Amino acid sequence: MMRRRFRRPDHSVPELNMASLPDLIFTVLFFFMIVTHMRDVEMKVHYQTPTGTEVEKQRHKSAVVNIYIGKLLNGSSDDYVIQLNDKVATTADIARFIERERKGMNAEDQERMTVSIKADRDVPMSVINDVKQALRQSYALNISYAATEKTKQKK
């Protein structure tokens, strides 16, 4: 009888085909570029929104104009200030700001324009009323107030 030699099989790992990897990477990159929303306003005021029970999300975010009211981040003053886009402003500047924002919107968004007031929970109501009066004079009549939803406590 003849002896046969058996060879051990070669256990090398086959190479991966890397040809489609750049396509996959660029597809994922484009996906994140489209989905990611970059903050376009540099915050200069600190505000902590109040909590509420009847909180709704904004539907048409392209028609929302934000007004921030809070204390300055650098802490140079204890007074509450108004921030319009990237600038600290006064109530007298609100009318020009609303007009500029309206001109930058399309006709459909101009009709739906909503001003969202994002104010600190401790802002005096007199400051809010001054802002509302300035908005009324510039015919920005749809106003919403930013709030975080109050969590329900378990008993």
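The largest nonpolar core of this predicted model has 21 residues, a nonpolar core being a set of buried Ala, Val, Leu, Ile, Met, Phe, Trp, Tyr and Cys residues joined through side-chain atoms within 4.5 Å. Buried here means under 20% relative accessible area, exposed means over 50%, and partly exposed lies in between, with a 1.4 Å probe and protein chains only. The residues with the most contacts inside this core are Ile67, Ile69, Ile94, Ile98, Val131 and Leu135. At least two core residues each are supplied by strand 3, strand 4 (80-84), helix 2 (94-103), strand 6 and helix 4; helices (H or I, at least four residues) and strands (E, at least two) are DSSP runs, numbered from the N terminus. Helix 4 gives the largest share of this core, five residues. A second, separate core has five residues, among them Val41, Met43, Val45 and Val81. In soluble globular proteins, nonpolar side chains tend to be buried together.

Because the model is predicted, local features need pLDDT of at least 70 and side-chain atom pairs count only at pLDDT 80 or more, whereas totals for chains, interfaces and linings use all residues. Residues are numbered from 1 along each chain as its sequence is written, and side-chain values use heavy atoms, with hydrogens and water left out.

Val131 is one of the residues with the most contacts inside the largest core. Apart from residues up to four places away in sequence, Val131 touches Ile67, Ile69, Ile82, Thr91, Ile94 and Ile117, where contact means heavy atoms within 4.5 Å.

Strand 6 (residues 114-119) is mostly covered, with five of its six residues buried. This strand pairs in the parallel sense with strand 3 (residues 64-72) over six bridges, and two strands count as paired if DSSP finds at least two bridges between them. In this pairing, Val65 stands opposite Val115 of strand 6. Strand 6 also pairs with strand 7 (residues 143-145), again in the parallel sense, over three bridges. There, Ile117 stands opposite Tyr145 of strand 7. Strand 6, helix 4 (residues 125-137) and strand 7 together make a right-handed β-α-β unit. A crossover is right-handed if, with the strands pointing away from the viewer, the path from the first strand over the helix to the second runs clockwise.

Thr114 belongs to strand 6 and is buried, with a relative accessible area of 16%. Leaving aside neighbours within four places in sequence, Thr114 is in contact with Gln58, Ala63, Val64, Val65, Asn142, Ile143 and Ser144.

In helix 2, the buried residues are Ile94, Phe97, Ile98 and Arg102. Seen down the helix axis, these residues fall within an arc of 135 degrees, so they line one face of helix 2; the arc is that of the directions from the helix axis to the C-beta atoms. Arg96, Arg100 and Lys103, on the other side of helix 2, are exposed. The cover over the buried residues of helix 2 includes strand 3, strand 4, helix 3 (107-112), strand 6 and helix 4.

Gln83 is found in strand 4 and counts as buried, at 0% relative accessibility. Not counting residues up to four places away in sequence, Gln83 touches Val41, Glu42, Met43, Lys44, Val45, Asn66, Ile67, Tyr68 and Val88. Gln83 and Met43 are 40 residues apart in sequence and 8.1 Å apart in space, C-alpha to C-alpha. A polar atom of the Gln83 side chain lies 2.8 Å from the backbone nitrogen of Lys44.

Thr36, in the loop between helix 1 (21-35) and strand 1 (45-46), is partly exposed at 44% relative accessibility. A polar atom of the Thr36 side chain lies 2.6 Å from the backbone oxygen of Phe32. Most residues other than glycine have a negative phi. Asn85, although not a glycine, has a positive phi of about 55 degrees. Asn85 lies in the loop between strand 4 and strand 5 (87-89) and is partly exposed at 32% relative accessibility. Tyr139 likewise has a positive phi, near 60 degrees. The place of Tyr139 is in the loop between helix 4 and strand 7, and at 65% relative accessibility this residue counts as exposed.

Notes. Polar contact = N/O pair within 3.5 Å; in protein donor to acceptor, adjacent residues only side chain to side chain.
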